[in-house]
Amino acid sequence: MASLTPISRKPLSFVLPTTAAFGAFLGLFVGTANGSGLTGILAGAAIVAVMGILFVSVIRNEGLSKWISIVGVAMMGLFFAGLPGIILGALAGWFFHWLTYWLYEGRYRAKLLPYLTSGQVLWHYTFRTICGAIFVFLITPILVVMPLSFNAQDFFTFTPEMLRLDPAGYSLKHYQDFFTNNEWQRSFKNSLIIAPIATVISVSLGTLAAIGLSQSHVPGRRAIMAILISPMIVPLIISATGMFFFYSDIGNWLEGTLGLPKNFVGYVKVILAHAVLGIPFVIITVTATLVGFDHSLTRAAANMGASPVTTFFRVQMPLILPGVISGGLFAFITSFDEVVVVLFVGSASQKTLPWQMFTGLREQISPTILAVATILVVISVLLLATVEMLRRRSERLRGMSPT
Amino acid sequence: MKTKLTALAVTTALVAPAAIAEEMTIVSWGGAYSKSQLRAYHEPYSEKTGVTIINDDSSAEAVAKLRAMDEAGNVTWDVVDVVAADAIRLCDEGLAMEIDPDTMLAAAPDGTSAADDFGDLLVSECFIPQIVYSTTFGYRTDLVGDTAPTDICAVFDTDAYPGKRSLEKRPINNMEWALLCDGVAKDDVYDVLATPEGQDKALAKLDTIKDDVIWWSAGADTPQLLADGEVIMGSTYNGRLFSVIEEQKQPVAMLWDAQVFDLDGWIIPAGLSDERKKRALDYIMFATDTQRLADQAKYISYGPARKSSAPLVGKHADMGIEMAPHMPTDPENAKNTFLYNYEFWADYRDDIDAKFQAWLAK
């Protein structure tokens with residue numbers, strides 16, 4: 001993009017304190033890792049400020065000073081953190097060089113409107129920093145888990161070896177534990193049994209309910225809707241307590257009167273409970289898609305002799321499919337993540353993954369939980385990416401532009 | 001519809017074989033402790049009888065869950081591992097079955113009856129003791145300065161040992177330690193603690209370190225805090241500290257001084273069907289005999305509850321180190337121990353709990 005505003009050099013009295021502040025921020029981390037945060041702050045600020053003077057007053061050559069900066073800071077990285085420090089150091093060197101020139105040459109104003117005041121320019125970049133920070137705070141808790149899951153120790157701690165990127169500080173043993181430990185495997189299997197079946201039930205019942213409730217002639221449909229959605233609104237712990245007593249009776253009857261095996265009844269109880277929790281999500285998403293559904297299409301289908309069932313599967317279903325799928329995804333994730341209801345309704349044979357993680361966190365703080373979390377995050381990302389790609393593909397096929 | 005039917009068929013196929021084999025649910029605490037039970041009791045028992053054992057790590061909520069199960073008329077647990085205080089409560093409420101030690105528990109190899117072998121540790125009619133554990137302090141050897149603490153009062157001495165310490169978020173043990181370090185004689189601690197002035201005195205002592213305390217509620221918290229270096233010392237169960245020191249090789253050492261002994265053991269829930277009751281009793285008979293109790297000490301550093309098991313305690317199964325010196329009951333470690341008073345806490349727990357929580361919130 002072409003420059004909007006003519007730029008001019010800025011005084012060093014403005015450039016140096018700003019870059020020094022960034023240097024101090026980085027110095028804080030390096031200093032803390034090496035024993036003294038305060039020394040790190042002061043040294044970081046001083047080094048970056050001196051570098052700034054050197055670049056713009058002594059060397060006066062942007063290309064040359066860039067390489068000096070990259071190599072120089074990479075050497076410092078080597079000194080503090082060994083080989084891996086070189087990469088981080090080089091990145092930091094590049095960044096400080098870029099920052100110094102960006103400020104010194106006044107490039108930060110180039111793409112902004114010429115009449116903005118200094119305050120407005122500051123706000124422009126502060127606003128972007130805040131947005132970035134929000135993003136970082138949302139994402140970091142998830143990202144932090146990933147390196148920790150490769151910890152060679154049995155604690156949730158970044159060991160000095162890990163910070164030095166020393167291979168001895170990393171290990172796959174928590175992943176191995178997950179794949180070989182019976183308890184984890186059993187709970188993983190249980191989750192894979194319970195969540196899909198609960199999803200199928202939620203999607204079938206939820207879709208039918210949504211279609212029924214979208215007909216204007218259904219009496220009291222608002223009240224019915226409110227009741228069906230209530231599991232989403234009532235605090236989970238209350239639904240769970242109610243379900244515990246409700247399903248205990250049903251379970252006793254299934255076991256006692258019908259003589260079904262205890263284990264099977266256990267699964268039925270948890271699956272039904274999870275299906276109930278998933279239904280509201282399906283109803284809401286399908287109802288939302290039905291708003292845009294043209295009911296004259298069903299009448300046209302009926303006109304041509306299609307039975308209501310055929311009409312549903314051949315005409316209505318393909319059109320509301322995106323809503324059904326996203327409702328199904330929500331229902332699946334609700335069941336897959338659910339810990340409260342299964343703690344109440346399930347017995348140990350139905351222990352699901354979240355339950356196992358919950359007890360694991362309380363009883364042993366084992367990084368296996370982090371390994372599982374990492375695997376689940378990767379699976380969720382892949383799942384969502386696949387669904388999104390399929391959606392775009394089908395829209396492309398139908399000649400709509402992806403939104 | 002087709003998918004659903006297939007899915008149901010799949011579940012049935014997965015579930016059915018498990019339902020045919022005999023199965024029992026044993027509730028315990030999880031972590032290294034459950035693992036030690038798995039290896040010392042569950043695996044040999046399954047091998048001997050073919051019964052599948054399912055672990056439920058719900059001992060922390062055992063009392064509440066047993067109450068709910070009893071109300072719903074659907075007790076799904078067969079054998080439950082609880083601390084002695086919980087066993088006493090469950091027994092009083094009629095939620096646990098009474099045990100006759102002479103007919104339901106194995107005699108010692110030399111013929112001593114189970115009642116004599118367990119001795120004083122049979123603190124309730126429903127309770128089958130399994131281990132003696134202690135709550136004691138661990139400290140970071142690299143963070144406490146040149147003189148390592150040897151005395152419980154180091155916990156209250158923030159001048160000599162500056163830094164955070166972790167204490168359990170409940171009055172039990174903390175109040176006793178506070179009084180001990182406030183100059184109350186060991187034998188008088190519970191007499192003093194029974195009076196409101198004594199309780200205030202203990203809280204006043206705790207108040208002097210309140211700003212330096214991180215409160216824990218799960219046994220795994222203190223090991224994590226010690227490993228992080230977030231605290232310089234902290235109380236937890238001695239077996240947890242053993243694993244931090246010997247298995248995880250952290251720079252941590254034990255402060256055995258004024259360790260508080262407590263018991264942990266089995267109960268069988270009341271109201272099981274005859275068939276399940278028979279199996280639970282068979283398991284208990286097997287798992288609490290002299291050899292099994294000694295076997296458990298190969299995997300975790302808790303003292304076996306039978307007198308006859310003590311001489312059989314050997315080396316750690318994986319690390320090959322002698323286990324006896326790591327037992328809380330070892331004479332070297334038990335030079336100064338503190339006896340937990342079940343009756344006192346049964347009577348005063350609610351009052352002191354309320355006071356303690358109010359103090360915490362201040």
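Tutor: We start with contact: two residues are in contact if their C-beta atoms, placed from the backbone, lie within 7 Å. This is a predicted model, where local features need pLDDT of at least 70, side-chain atom pairs count only at pLDDT 80 or more, and totals for chains, interfaces and linings use all residues. Residues are numbered from 1 along each chain as its sequence is written, and chains are lettered from A and ligands numbered from 1 in the order in which they are written.

Student: Leaving aside neighbours within four places in sequence, which residues is B:Ile267 in contact with?
Tutor: Sequence neighbours within four places are left aside. What remains is B:Val80, B:Val82, B:Ala87, B:Leu90, B:Ala96, B:Cys126 and B:Phe127.

Student: Which members of the largest nonpolar core touch the most other members?
Tutor: A residue is buried if 20 or more other C-beta atoms lie within 10 Å of its own, exposed if 12 or fewer, and partly exposed in between; C-beta atoms are placed from the backbone. A nonpolar core is a set of buried Ala, Val, Leu, Ile, Met, Phe, Trp, Tyr and Cys residues joined through C-beta atoms within 7 Å. The largest one holds 54 residues, and those touching the most other members are B:Ala87, B:Leu90 and B:Ile267.

Student: Which element gives the most to this core?
Tutor: Helices (H or I, at least four residues) and strands (E, at least two) are DSSP runs, numbered from the N terminus. With 5 residues, the top contributor to this core is H4(B).

Student: How many residues are in the second, separate core?
Tutor: This core includes A:Ile365 along with B:Phe137, B:Val184 and B:Tyr190. Its size is 41 residues.

Student: How far apart are the centres of domain 1 and domain 2 of chain B?
Tutor: Domain bounds come from an automatic or database domain assignment. Domain 1 of chain B is 21–132 + 263–326, and domain 2 is 135–261 + 334–361. Taken over C-alpha atoms, their centres are separated by 28 Å.

Student: By class, what makes up the side of domain 1 of chain B that touches domain 2 of chain B?
Tutor: The contact takes 14 residues from domain 1 of chain B and 10 from domain 2 of chain B. On the domain 1 side, helix H2 (31–49) and helix H4 (84–92) of chain B each supply at least two residues. Ala, Val, Leu, Ile, Met, Phe, Trp, Tyr, Cys and Pro count as nonpolar, Asp, Glu, Lys and Arg as charged, and the others, Gly among them, as polar. That side of domain 1 has 11 nonpolar, 3 polar and no charged residues.

Student: Which helix supplies the largest share of the side of chain B that touches chain A?
Tutor: The contact takes 29 residues from chain B and 28 from chain A. By class, the chain B side has 13 nonpolar, 12 polar and 4 charged residues. The largest share, 9 residues, comes from H1(B).

Student: What is the radius of gyration of chain B?
Tutor: Chain B has 14 helices and 10 strands. The radius of gyration is taken over C-alpha atoms; the globule rule is 2.2 Å times the number of residues to the power 0.38. That rule gives 21 Å for 362 residues, so chain B is as compact as a globular protein of that length, at 22 Å.

Student: What covers the buried residues of H2(A)?
Tutor: The buried residues of H2(A) include A:Gly40, A:Ile41, A:Gly44 and A:Phe55. Among the elements covering them are helix H1 (12–33), H3 and helix H4 (83–104) of chain A.

Student: Is A:Arg60 buried or exposed?
Tutor: A:Arg60 sits in the loop between helix H2 (37–59) and helix H3 (62–81) of chain A. A:Arg60 is not a glycine, yet has a positive phi of about 55°. Within 10 Å there are 10 other C-beta atoms, so A:Arg60 is exposed.

Student: Is B:Asn173 buried or exposed?
Tutor: B:Asn173, also not a glycine, has a positive phi of about 75°. B:Asn173 lies in the loop between strand S5 (165–168) and helix H7 (174–180) of chain B. With 20 C-beta neighbours inside 10 Å, B:Asn173 counts as buried.
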